[in-house]
Amino acid sequence: MRHLPVRMARWSARHAGRAIVGWFAFVVLCLVAGIALGTNEATTKDFWVGEAGRAEAMATEGGLERSPTERFMIRAGSGELDMAAAGAAARDVTARMRELPEVESVAAPVRSKDGEVLLVSVVLNGPELEGRKNVVPLLEQTAAVGADHPDLVVEETGSPAISKGVNDQRDADLALSERISLPVTVVTLLIVFGSVIMAGVPLLLALSSIAAAIGLSMVASHVMPDAGVGTNLILLIGLAVGVDYTLFYLKREREERARAGGRLGPEALVELAAATAGRAIVISGLAVVVSTATLYLATDVIFSSLATGTILVVAVAVASSLTVLPALLVVIGRRTGRLAPRRAARRAERGEPARAGEPETGRVFAALLRPARTRPALTLCLSVLVMLGLAVPALGLKLIDPGRDTFSRDIPAMRVYDRLTESFPELLVTHEVVTRSTPERAAQVKQALEDLGRRAQTDPLFAQAQKNPENAENAETPENSPPTVRTSADGRISVLELSVPHPAPSAEAIASLTHLRQDHIPATVGRLSGVETAVSGDVARGRDYVSHESDKLPLVLGLLLLMTFLMTVWAFRSVVIGVIGVVLNLLSAGASLGMLVLVFQGTWAEGLLNFDSLGAIASRVPLFLVVILFGLSMDYQVFVVSRIQEARQNGMSAREAVLEGINRSAKVVTSAAIVMVTVFGAFVALHLTEMKQMGFCLAVAVLLDAVVIRLMVLPSVLLLLGERAWWPARRPGRFGRGRRGGRAQEPVAGPLTEVG
């Protein structure tokens, strides 16, 4: 692996045209293959987890699975509701819905308890997750009914309409994040390189890597189903790491060019860059891939999609840096070489001094490094205390599975949902009790479930059921009646639905689930031997999902720490550096999670960041962030420590090597961090709270890692340890050197790299 980046760069440099054409042909091929195969989307069963998942599997076995349902509300535009007019509108809705092929059944209208709303429920064909695709014709008919009855307000909500609204909002949010992050990225690259062409190279490769990864992810979905989040992450991570990898390579090539002073051609320069930055990019990419792969251990379709998207876009970004980037640099270098004499002549005519290369670390970085250089022990103690202080709020971390009730009210269907649940609170949450037994026990099971329903009705945490009237003109308000038990045709599966008048994330809804599972079921159907019972529903899904993730967390985190340690030891041949890397990554992740809890678990920042606090953190966020943060932290760890190791290999003392390596990497690492912070920070402007939390935590983590960890903690530790930091490794040969007959061999560039 040590010589692979050099060999790839050498081939690309000598065959620049082929490399460039080949890369973009690869990108097009990936997209064409992805489009041809399409995306294999995850089905409902792919999301089954825990007891709730078992309940849904049993219900599906009996043909009693949950169906996508839409609710149509008819209310007065002003004043009291005219029931005759409302009944006519309800009949219009019913007739139109029954004509649609997407509709399975239409229920009779139900009048709210206050008499101000008439409700028509419509069940769609197909599985639950298909509802958002089939709901568009229903929304069109709702608008038509509203136009035909101008004195009434006819509006629609339900899981399908809400899911479609969330997807539409997510697409708009992603477009907004791109409009924010792309201009800032371009400006940052222009500042770093001072050239439009050189600034465009990282952006071009990042965007092409994203395109290729999206196509590959569509292909990969036929092996592991896509949960609908992979593309979002490819955009998020792809722009960040794609620009970063290219930036590191470009900066190193410019350093080698300045050092050569015109004595080497562009082919030789990219080989020298490949021997150092290229190897670091490979190690960094492998670290991110290995870290992210631990998410597969969570055995969750969402985490698998996130892992697949991240791995693909990082792998493609590494490949672009090792193949097409050297070719582009050679083409640009040849053009620059032809223009260089003219520019030098113009500078001489103006009396300007010849440029001797880029300046080293500027005043800002020198000021940030001064504490570690002059007082490493004090700097280390204070920096670690600050990071630990930021991590303290993470001890109060609370997890929640954000459901329908947590979505943004900017979605029209969510505003209608609020009005629906205000008039019909029993529609907020439903628990589904599912049993499986032998057909001959169907009557006994049904009686036990009915007893369970009557018992639940006496519990104040549960809502009373409704009786549907025959028509809208004599519509009745809800009455007490025992919940209905549905039984499969073969008599093996039975389902009882129990309503709860509290939103899914609330303590009351959670308490009702606990009462049901621990008290009501054991006292009724749980007494029947040989009858399998499980509970699903909105609350059960969320609680079981959080529990499932908590059970998997030790395994994922343990393997993540082990793999991070092994990757670092393998890269630098030092056990001490491996331990330092793990500890620093934990510090960075802990501090960022603490900031996440401090900002999003309370309410003080709601107005500042435009969100409604859930009182907890979305359950998927911490595990995903820890894994991704370890991978991204390894990025900076590899690039900074590689420069320090290289300085040692050039004969510097341990102290000189640390200062030299930090000095030479500080500017490029900080520039890369600015790009990452911008990309991740743009997600704070999104509507979806879960995405806000991810973007905020990633942005904070990258900022802390680039400034506090890499400019203060890491140099302080290495300065204090000296040569002991590299135990047990001896002084290795330079990057790109091999051992042959006991003598170090420099990579030979070949005759094409010679100047003149």
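How many bridges join strand S2 (residues 103-106) to S4? I count three, and the two strands run antiparallel.

Ground rules before I go on. This is a predicted model, where local features need pLDDT of at least 70, side-chain atom pairs count only at pLDDT 80 or more, and totals for chains, interfaces and linings use all residues. Residues are numbered from 1 along each chain as its sequence is written, and side-chain values use heavy atoms, with hydrogens and water left out. Strands (E, at least two residues) and helices (H or I, at least four) are DSSP runs, numbered from the N terminus. Two strands pair if DSSP finds at least two bridges between them. Buried means under 20% relative accessible area, exposed over 50%, partly exposed in between (1.4 Å probe, protein chains only).

Next, I checked the other partners of S4. Strand S1 (residues 69-76) is joined to S4 by seven bridges, antiparallel, with Ile74 opposite Leu118. Strand S3 (residues 110-111) pairs with S4 over two bridges, also antiparallel, and Arg111 has Leu118 as its bridge partner. S3 and S4 make a hairpin with five residues between them, and Gly115 in the turn has a positive phi of about 75 degrees.

Then burial: eight of the eight residues of S4 (residues 117-124) are buried, so the strand is largely enclosed by the rest of the structure.

Arg573, not a glycine, has a positive phi of about 55 degrees and is partly exposed at 45% relative accessibility. I also noted a cis peptide bond between Trp727 and Pro728, omega about 5 degrees.
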